[in-house]
Structure formats: structure tokens, C-alpha cells
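Start with the sequence and the structure.

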Amino acid sequence: MNTQTNPRRWPPPPEVEQQINLDRERFRKCLDYMREHAAGEVEGVYGPNSVTWVLYREPVILLGGLRAILLQLAHPAVAYGIAQNSNFRNDLLGRARRTYTAMYQLKFGGLSEATGAAKRIHSVHSRVYGALPDGAGPQGSGPYRANDPSLLRWVHATLIDTAMLIFDTFVRPLSVEEKRRYYQETLLAAAYFGLLPEQMPPTLEAFYEWYNGELAGERLSVGDTALELAGLLFNSPFTQGQFDEVLTAGLLPERWRVAYRLPWGPGQRLTWKLLKGSMHRGIHLTPPKLRYVTAWHQAQMRLAMARGERPTIMARVLNTIDAYVDVPFSIRPVAAKAPADKD
């Protein structure tokens with residue numbers, strides 16, 4: 001199967017352009033909602049008291065990346081859209097780094113920074129459209145576009161579920177109240193994806209009723225396109241080896257572990273148990289502020305400076321390094337300088 005990127009087809013056909021214009025109008029409403037409900041200009045979309053910051057300051061959250069992507073690829077339109085409209089094959093590392101940078105800007109950036117990241121994502125997605133061929137999935141052939149609310153909802157749902165699962169598994173179990181709070185916060189995340197609140201299930205319980213129904217239903221299936229993209233994921237220079245396969249297999253529901261043909265014999269199950277235990281212990285042996293991602297420290301620095309306070313030494317060091325070297329898990333260096341030391 002050919003998964004080379006298609007040339008850009010712009011302007012699009014009239015019927016596609018009409019849908020894109022409707023997507024843009026909906027996205028403008030989403031940005032209005034996000035600005036209205038954000039924690040603040042300096043605090044960003046969520047702010048320091050959010051469950052979102054508690055989850056995403058942990059670098060272990062990134063271990064759910066492959067799980068979330070595989071579940072996304074189980075939607076044939078998502079798999080085919082990625083295969084035909086992105087440089088997934090030729091620039092997997094670059095794509096991953098851009099994705100994670102945008103994610104941290106949305107989670108920990110100031111409001112203007114988060115809004116800018118959301119606009120860039122929407123602009124890129126607006127150029128991703130096409131048609132599913134016959135036999136591409138259970139629903140048959142038909143048009144698709146990346147900003148279709150049904151596709152956005154599915155992609156967003158896999159991220160919601162995966163983040164909570166990773167935190168529960170490796171850090172600590174979230175309480176039901178924390179999960180409910182987090183889910184309400186994800187309605188803001190849905191807005192910067194281009195989904196209005198009414199296009200998402202209203203409560204955590206309603207979300208899982210819908211989401212589990214999708215996972216067990218017939219709308220999703222792993223076809224040749226999803227399998228090939230999964231093969232690329234597991235054979236990249238930074239995911240080769242048994243670790244990522246076992247980790248992802250352990251985190252996937254059984255139906256999708258089987259669909260992606262991931263080995264899950266006694267050896268893999270034992271490895272998963274040892275991995276889970278050792279990673280959990282390692283996380284709890286590491287002082288929190290030493291393990292939190294750079295983006296969290298940069299957000300703390302931005303907040304401290306806005307209050308006229310001195311940022312922590314660690315925040316200043318990481319921020320300074322990030323000005324010269326591309327530090328992992330960062331948003332971008334905080335522009336203003338911290339107050340000089342008096343000693």
C-alpha cells in the first residue's frame with residue numbers, strides 16, 4: 001500500500017470548501033468559548049489548580065502515546081487520512097516532536113500561546129481531506145476531512161481515556177471526583193480541537209458509556225492501512241525493541257491488542273508486570289519537582305513573574321537551557337527575564 005503524502009489540493013472542490021468554511025465558523029465559536037472559560041491570560045487555558053496540570057506535568061503521560069495513536073488509527077478515516085495526507089512515513093520523529101510541543105503549549109502555555117497552537121492545528125487539519133476507497137472500513141467508502149467533528153471527537157476521546165489510564169497505572173489512582181473534574185476540563189481541550197461542548201458527552205459517565213460502546217462496536221476496525229502505520233510506529237529509530245510493544249500491548253483493551261497482532265504470551269505478561277511495578281516505584285522515588293516536565297516549570301516561572309515573585313532556580317535553569325537547546329517537554333522559553341539574584 002502506498003502511504004506517500006499526497007500533493008496539496010488547494011483550493012478544494014466546492015463541496016469540500018463549503019464544509020471547511022463551516023468548520024472555520026465552528027472553530028471561531030470554539031475559540032470564543034475557550035477564551036471565556038480559560039483560567040486567565042497568564043494562567044492559560046487550565047491554570048495551576050487544574051487536574052490537567054496534575055496529569056500532564058508527569059512525563060510518564062507520554063508513554064500512552066502509542067496506545068492513543070493505535071486506537072485513533074482503528075477509525076478507518078483517521079488511518080487513511082494520516083496515510084494519504086501527512087509525512088508520517090518520512091518524518092515520524094519530527095512529527096512526534098511537533099505534536100508534543102503543541103500539546104504542552106496547549107496545556108501549559110499562556111492563553112495567547114495556547115490559542116496560537118490551536119489555530120495552527122486547525123489550519124493544518126483544514127487541508128486534510130479526501131475519500132475512503134471501497135473496503136477501507138466497515139462503513140464503506142465516502143468522503144472524510146480531519147476537522148469533521150466525528151473524527152475530532154474520536155481522537156480527543158482516546159487522549160482523555162489514555163491520560164487517565166496512564167496516571168492511574170503509573171502514578172496513583174485518580175479519585176472519581178478528580179476524574180469528573182478532569183473530564184469537565186477536557187471540554188476546553190475539545191474547544192481548541194474544534195468541538196463545541198455540546199458535541200461532547202456532558203459528563204464523565206456519559207463519556208464512558210459512549211466511548212466503551214465505540215470500542216466494542218463495529219464502526220472501528222484495524223485494516224491494512226492501520227497495520228502498516230502501526231508497523232512504522234514500532235520500527236522507528238526510537239521505538240525499536242520489545243519495550244514499546246509490551247508497554248502498548250499491556251495498556252490496550254484485549255480486542256485491539258489482538259487486532260494489531262501484538263504478542264501477549266506468558267513472557268510478555270510477566271514483562272508487563274515487571275515494567276509496571278518498576279516504573280511505579282521509580283516515579284515515587286524521584287522527587288516530584290525533579291521529574292515534572294519542563295513545560296510545567298516554565299508555566300510556574302511565568303506565573304511567578306506575573307506576581308512579581310522570584311521563579312525557582314530549577315525553572316530559571318531549564319528556561320535558560322531551553323533558550324539555546326531544544327529541551328524535551330517544553331513550550332518555549334519564557335521571554336521576560338527573571339529578577340537578578342541579590343547575593
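The notes below go through selected helices and then the surface.

This is a predicted model, in which local features need pLDDT of at least 70, side-chain atom pairs count only at pLDDT 80 or more, and totals for chains, interfaces and linings use all residues. Residues are numbered from 1 along each chain as its sequence is written, and side-chain values use heavy atoms, with hydrogens and water left out.

**Helix 7**
- Helix 7 covers residues 149–171 and reaches 32 Å between its first and last C-alpha, close to the 33 Å expected at 1.5 Å a residue.
- Helices here are DSSP runs (H or I, at least four residues), numbered from the N terminus; the expected span is 1.5 Å times one less than the number of residues.
- Helix 7 is largely enclosed by the rest of the structure, because 17 of its 23 residues are buried (under 20% relative accessible area, 1.4 Å probe, protein chains only).
- Asp 148 caps the N-terminal end, with a side-chain oxygen 2.9 Å from the backbone nitrogen of Ser 150.

**Helix 8**
- Helix 8 (residues 176–193) should span 26 Å, and its end C-alpha atoms are 25 Å apart, which agrees.
- Its buried residues include Glu 178, Glu 185 and Phe 193.
- Gly 194 follows helix 8 and has a positive phi, near 110°.

**Helix 11**
- Asp 244 lies in helix 11 (residues 242–251).
- Asp 244 is buried, at 14% relative accessible area.
- Asp 244 and Phe 234 sit 10 residues apart in sequence and 7.2 Å apart in space, C-alpha to C-alpha.

**Helix 16**
- Val 317 belongs to helix 16 (residues 313–322).

How values were computed:
Helices (H or I, at least four residues) and strands (E, at least two) are DSSP runs, numbered from the N terminus. Buried means under 20% relative accessible area, exposed over 50%, partly exposed in between (1.4 Å probe, protein chains only). A polar contact is a pair of N or O atoms within 3.5 Å; within protein, one must be able to donate a hydrogen and the other to accept it, and residues adjacent in sequence count only if both atoms are side-chain atoms.
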